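This briefing is intended for a reader who is meeting the structure for the first time. Please keep the sequence and the model in view while reading.

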Amino acid sequence: MIRASQHIFYKGVLLLLFTMAGLSCERLDGIIIDGFDCSNCYQEKPEFVQLNVFVTLDSENPFVPLTIYVGDVEDNNIDWEDTTYNKSYWVDVIPGRYYSVKAEYKDGSKKIFAIDGDDVKLKENTTDCDVPCYYQVGGYVDVRLN
């Protein structure tokens with residue numbers, strides 16, 4: 001006959017076994033191992049990645065017109081024009097290129113332009129995640145006012 005203390009012990013062991021079995025098959029998405037976050041990695045090579053732009057919003061500039069260029073601003077190869085009402089903005093771009101962003105601000109009756117750029121690349125990781133995958137490097141542009 002099983003006593004109450006043995007019954008509780010067996011229940012605890014079973015609960016522990018079921019918990020461990022359930023966790024053993026899960027992927028480590030969202031967990032950073034040796035500095036690499038597998039949740040930001042794509043098994044299929046993406047056609048587009050995000051160009052992230054950071055702007056300043058204030059009472060004089062509640063929105064900021066943006067012009068995104070492929071290459072340098074001076075090349076005048078416009079890829080995208082938009083206006084952001086948020087401090088952070090993103091747009092899908094083709095990886096493997098350099099992008100520049102020009103933000104237009106008001107300062108009284110004058111216009112001020114802030115310009116910055118960054119390379120947007122895809123790299124392949126074959127060692128840190130469950131399967132080989134692609135991840136974005138770069139693509140962060142800061143056109144905030146100081």
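The structure is a predicted model, in which local features need pLDDT of at least 70 and side-chain atom pairs count only at pLDDT 80 or more, while totals for chains, interfaces and linings use all residues. Residues are numbered from 1 along each chain as its sequence is written, and side-chain values use heavy atoms, with hydrogens and water left out. The protein chain contains 1 helix and 10 strands; helices (H or I, at least four residues) and strands (E, at least two) are DSSP runs, numbered from the N terminus. In sequence order the pattern is α-β-β-β-β-β-β-β-β-β-β.

**Overall make-up**

- Of the 146 residues in the protein chain, 27% count as buried; buried means under 20% relative accessible area, exposed over 50%, and partly exposed in between, with a 1.4 Å probe and protein chains only.
- Among contacts in the protein chain with a separation of 6 or more, 57% are between residues 24 or more positions apart; contact means heavy atoms within 4.5 Å.

**The sheet of five strands**

- An open sheet is formed by 5 strands in the order E5-E4-E7-E8-E9, with antiparallel pairing; two strands pair if DSSP finds at least two bridges between them.
- Its edge strands are E5 (78–84) and E9 (133–138), each of which pairs on one side only.
- From one strand to the next, the twist averages 25 degrees; the axes are lines fitted to C-alpha atoms, and angles run from 0 to 180 degrees between N-to-C directions.
- Strand E4 (residues 64–70) and strand E7 (residues 97–107) run antiparallel and are joined by 5 bridges, and isoleucine 68 stands opposite valine 101 in E7.
- E7 is also joined to strand E8 (residues 110–125), in the antiparallel sense, by 11 bridges, and glutamate 104 stands opposite phenylalanine 113 in E8.
- The hairpin of E7 and E8 has 2 residues between the strands, and glycine 108 in this hairpin takes a positive phi near 70 degrees.
- E8 and E9 pair in the antiparallel sense over 6 bridges, and the bridge partner of lysine 121 is valine 137 in E9.

**The sheet of three strands**

- A sheet of 3 strands, also open, has the order E6-E3-E10 and mixed pairing.
- E6 and strand E10 (140–142) are its edge strands, each pairing on one side only.
- Neighbouring strands of this sheet are turned by 20 degrees against each other on average, direction ignored.
- E3 and E6 run antiparallel and are joined by 6 bridges, with valine 53 opposite tyrosine 89 in E6.

**Rings and charge**

- The whole structure holds 1 aromatic pair; rings of Phe, Tyr and Trp (its six-membered ring) pair if their centres lie within 6.5 Å, and planes under 30 degrees apart count as stacked, over 60 as edge-to-face and the rest as tilted.
- The ring centres of phenylalanine 63 and tyrosine 85 are 5.5 Å apart and the planes stand at 40 degrees, so the pair is tilted.
- Phenylalanine 63 lies in the loop between strand E3 (49–54) and E4, and tyrosine 85 in the loop between E5 and strand E6 (88–93), 22 residues apart.
- Phenylalanine 63 is partly exposed at 32% relative accessible area, whereas tyrosine 85 counts as exposed at 56%.
- The charged end of lysine 102 sits over the ring of phenylalanine 113, 5.0 Å from its centre; this requires NZ of Lys or CZ of Arg within 6 Å of the ring centre and within 35 degrees of the ring normal.

**Selected residues**

- Threonine 67 belongs to strand E4 and is buried, with a relative accessible area of 12%.
- Beyond its neighbours within four places in sequence, threonine 67 is in contact with residues including Trp80 and Val101.
- Tyrosine 135, in strand E9, is partly exposed at 22% relative accessible area.
- The C-alpha atoms of tyrosine 135 and aspartate 37 are separated by 9.5 Å, although the two residues are 98 residues apart along the chain.
- Asparagine 76 lies in the loop between E4 and E5, and has a positive phi of about 55 degrees although it is not a glycine.
- Most residues other than glycine have a negative phi.
- Asparagine 76 counts as exposed, at 52% relative accessibility.
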